Amino acid sequence: MDDDDVANRKVSFRKCLEHLSGAGKAIGVLTSGGDAQGMNAAVRAVVRMGIYVGAKVYFIYEGYQGMVDGGRNIVEASWESVSSILQVGGTIIGSARCKAFRTREGRLKAAQNLVQRGITNLCVIGGDGSLTGANIFRKEWSGLLEELAQNGEIDQEQVQKHAYLNVVGMVGSIDNDFCGTDMTIGTDSALHRIIEVVDAIMTTAQSHQRTFVLEVMGRHCGYLALVSALACGADWVFLPESPPEEGWQEDMCIKLSENRARKKRLNIIIVAEGAIDTQNKPITSEQIKELVVKQLGYDTRVTILGHVQRGGTPSAFDRILASRMGVEAVVALLQATPETPACVVSLSGNQAVRLPLVECVQMTQDVQKAMDERRFKDAVQLRGRSFETNLNTYKRLAIKLPDDQIVKSNCNVAVINVGAPAAGMNAAVRSAVRVGIADGHKMLAIYDGFEGFAKGQIKEIGWGDVGGWTGQGGSILGTKRTLPGKSLEDIAAQMRTHSINALLIIGGFEAFESAVLLSDLRDHHPEFCIPICILPTTISNNVPGTDVSLGSDTGLNVVVETCDRIKQSASGTKRRVFIIETMGGYCGYLANMGGLAAGADAAYIFEEPFDIRDLQSNVEHLTEKMKTTIQRGLVLRNESCSENYTTDFIYQLYSEEGKGVFDCRKNVLGHMQQGGAPSPFDRNFGTKISARAMQWISTKLKEAPGKGKRFTSEDSICVLGISKRNLLFQPVTQLRKDTDFEHRIPKEQWWLKLRPLMKILAKYKASYEVSESNQLEPVHPRGHEEPAAI
């Protein structure tokens, strides 16, 4: 992209924001219902984006109760009032259940309190009950104002001036129980809490050969139970939407004893608090414990996680999600007209979208109705494709059919890890092996990347061999960065020896490069004429063909957790700026998204060239910041963002220029970003995307019965990834032209659009691209593509 293109794009962005002036407008922001981690990030984004566009923004404390009570509960927010809240769980403006708001008298008081302050735009962060309340309030608004005028509480001028109320909702709920959005704010953080507990329990259960029954939240929705079962490889899971069939007691006991017979020293059973049987009778943790003790005599313990799941610091995913939603909510309010219906800002794939609030609430209530009427298949479908896929994947991976019931395909499918280690690799291998075995293939594990492949380090791998792999970091198979180039003859010979019919490559940019090489050499080596699928797996998130690489979420969480600690240290010492170097090669994903999630003042990346004037401007910005109550700074730098402006150079420049105003420290995060246990997101994503890759391989092999078929078409070597809202298989030959091989990055990267977001929230002037259309999307568009629900 040349300079003219950049200039033109910037002008068009400015046009977008210019007609969105918030001058003269007032926005009220409230959190209502149960709290969820990430609500504070949403509040911060609404306040700062509102102030940025010139609007007044008001905190409404204690949810609807504060709106009804008025007085000190409705206070104008300042830029600094939302500083240092990104990493705080819960909600700083409080949340309360409010009976008064359910009555017209209560809503009349609330309307009066808002009109007094000129607030005609509401941003509500809460669950379906909170959002329904806001919509009723919006519909009644003009009637309430007329009534207030008749009672002499307000005059006719105020009635005309504040004639309509705009409402935008963001869903804050750890249960992920709202239809229309892939993830609600708080869900990912709640999964972090659950998986931390599961990982800890697994070590003690292993020591004593115990069975643990874990109860997680979800009175009406089994999402947390289902995804945590998928992420830890639980033996059994109980959900409200999909009750176990009659006779489940015996089936479960057989499954537990079979697993023990396979030398598994522990059993994990996960129960949603709202779990029921097919007759809608509750299934409790204690019932399950008594059953296991009575039938099998196993030492069994119950752990109820309770409100632990609501607590703690929000994950990187939730902070970014909430920040994006908060900014989008302000834009939606500014674009709204009197005719605009109340909308919900939502996530579809990795795209922010706006959906009609009423339809989303209706569909959410339809799920409960289906469960009450015992139409459980309908309930699962209404939850959405993501939930359904999770459930089907869990069933395929948890229960192995007896060998004599599996139809053999007579195909050998090999799995290899290539490139640097990344969290989630082992979850992907486990999923591939089990789905492959269920599809009748013989699964082969290749150890130590292409080096091991050439040397013949290839063994058959069974169902039980991959037990317990989901939560393991790194690469159990071993991985190397070596490309296959130097040992192509040896690799082809090994493929002949082991009769390999398909190959799954799990890895980073090296995996992509290797696939391009194998594709080019198919004419010389017929052994490479097989279906080959690449699963992008790297913390750098630099593989073409996907918006999100497996492992990048775990790496991002490491960056954000470290930044939180460093910010705390800087806050204590005052007037201190930290410069933090992240990994990623030439790809600035970790630095940019880490900066957004940690509330950094700047992030230097290769994709956006910078010079000494930019550095000077950042120093001046920090100098001004030190005059406020926020006397600390955080700057991220991608390791390869500039050959000459190194971390040391920037550190020395800041130290010299900031003399007498602030001092500097630097920190290189290094390989700690590659280590550690995978995040719940990466466990779930790795499991699902790998299962999908194996389905693709099985379909390809079925198209070509018999051993002699050669695959030579472009679409038989593909990268499987998320593109906007869809899960796509894209041929490497097509992705080649979209790739900058010198710098090992895709030529276009979606997350660069979020770069202005980080700058705006750090108080820089920036041009933010807003959606041109003010149209709401239908709740469930039925496209041909496969939705990339995560």
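**Exercise 1. Determine which residues of α13 meet which residues of α14, and how the two helices are oriented.**

Solution. Step 1: V380, Q381 and R383 of α13 meet F387, E388 and L391 of α14, where contact means heavy atoms within 4.5 Å. Helices (H or I, at least four residues) and strands (E, at least two) are DSSP runs, numbered from the N terminus.

Step 1: Sorted by class, this contact of α13 with α14 comprises 3 nonpolar, 1 polar and 2 charged residues. Here Ala, Val, Leu, Ile, Met, Phe, Trp, Tyr, Cys and Pro count as nonpolar, Asp, Glu, Lys and Arg as charged, and the others, Gly among them, as polar.

Step 2: The axes of helix α13 (residues 376-383) and helix α14 (residues 385-398) come within 5 Å and cross at roughly 120°. Therefore α13 is oblique to α14. Axes are lines fitted to C-alpha atoms, for helices over the stretch in contact, with angles from 0 to 180 degrees between N-to-C directions. Angles under 35 degrees count as roughly parallel, over 145 as roughly antiparallel, 65 to 115 as roughly perpendicular and the rest as oblique.

**Basis of the values.** The model is predicted: local features need pLDDT of at least 70, side-chain atom pairs count only at pLDDT 80 or more, and totals for chains, interfaces and linings use all residues. Residues are numbered from 1 along each chain as its sequence is written, and side-chain values use heavy atoms, with hydrogens and water left out.

**Exercise 2. Describe the largest nonpolar core and the surroundings of L504.**

Solution. Step 1: The largest nonpolar core holds 150 residues, and M170, I270 and L504 have the most contacts inside it. Such a core is a set of buried Ala, Val, Leu, Ile, Met, Phe, Trp, Tyr and Cys residues joined through side-chain atoms within 4.5 Å. Buried means under 20% relative accessible area, exposed over 50%, and partly exposed in between (1.4 Å probe, protein chains only).

Step 1: Helix α11 (residues 316-335) gives the most to this core, namely 13 residues. Apart from this core lies another, of 39 residues, including A111 and L148.

Step 2: S690 belongs to helix α23 (residues 680-703). With 0% relative accessibility, S690 counts as buried. Beyond its neighbours within four places in sequence, S690 contacts A428, S431, A432, L504 and L535.

**Exercise 3. Locate R575 and R744, and state whether each is buried, partly exposed or exposed.**

Solution. Step 1: R575 lies in the loop between α19 (552-573) and β17 (576-582). Although R575 is not a glycine, its phi is positive, about 50°. Its relative accessible area of 36% makes R575 partly exposed.

Step 1: R744 sits in the loop between β23 (739-740) and β24 (745-746). Phi of R744, a residue other than glycine, is positive and near 55°. With a relative accessible area of 26%, R744 is partly exposed.
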